[in-house]
Amino acid sequence: YHGARLASILGRRDRTALLLECFLRWQSSRADDQEVKVRVMRERLEKVDAECCLLRSQEERTRAEARHWQAQAEAWHARSQQAEAELLRRSDQEFARLRALEKELAQLQAE
């Protein structure tokens, strides 16, 4: 009877140890899976972050280029307005000179 009881206790202990070992291996496997998932997620985030930085850089260059062309357009517009004002001024002078010459010619013809 003593031997059977001892065998039963040892069997239970071995089953408990086996169950504990299985549980620890399962827990370790889950931790490894989580670690892999975390690593994959981190790599994805790093890739997305790099793409985002690249897009920000491209956006800054595009904005700078847009500011450059806006300034160019404004400068060309200002030069165009100056040229137009100069043309109008010269036209006014030419017409004034033409009127003066016509008046002088009319006076000469009247004499």
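Tutor: Start with arginine 89 and glutamate 86. Both sit in helix H1 of this predicted model. They are three residues apart, about one turn of the helix. How accessible are the two partners? Arginine 89 has 38% relative accessibility, so it counts as partly exposed. Glutamate 86 has 27%, so it also counts as partly exposed; the cut-off for buried is under 20%.

This contact belongs to a network. Glu86, Arg89 and Arg90 are linked by salt bridges.

Now go along the helix to another pair. Glutamate 94 and arginine 97 join side chains in a salt bridge of 3.0 Å, N to O. These two are three residues apart in helix H1, so about one helical turn separates them. Glutamate 94 is partly exposed, at 45% relative accessibility. Arginine 97 is partly exposed too, with a relative accessible area of 47%.

Next, look at arginine 25 and glutamate 21. Their side chains form a salt bridge, with 2.8 Å from N to O. Here the spacing is four residues in helix H1, which again means about one helical turn. Arginine 25 has a relative accessible area of 58%. Exposed means over 50%, so arginine 25 counts as exposed. Glutamate 21 has 38%, and is partly exposed.

The pairs described here are among the seven salt bridges that the structure holds.

Turn to the rings. How many aromatic pairs does the structure hold? It holds one. The partners are phenylalanine 23 and tryptophan 26. Two values describe such a pair: the distance of the centres and the angle of the planes. For phenylalanine 23 and tryptophan 26, the centres are 5.9 Å apart, and the planes make an angle of 35 degrees. Why is this pair called tilted? Stacked needs planes under 30 degrees apart and edge-to-face needs over 60, so an angle of 35 degrees is tilted.

Where do these rings sit? Phenylalanine 23 and tryptophan 26 both lie in helix H1, which covers residues 2-110. They are three residues apart, about one turn of the helix.

Note on methods
Residues numbered from 1 in each chain as written. Predicted model: local features only at pLDDT ≥ 70, side-chain atom pairs only at ≥ 80, totals over all residues. Heavy atoms only, no water. Phe/Tyr/Trp six-rings, centres within 6.5 Å; stacked < 30°, edge-to-face > 60°. Salt bridge = Lys/Arg side-chain N within 4 Å of Asp/Glu carboxyl O. Buried < 20%, exposed > 50% of the residue type's maximum accessible area, 1.4 Å probe, protein only.
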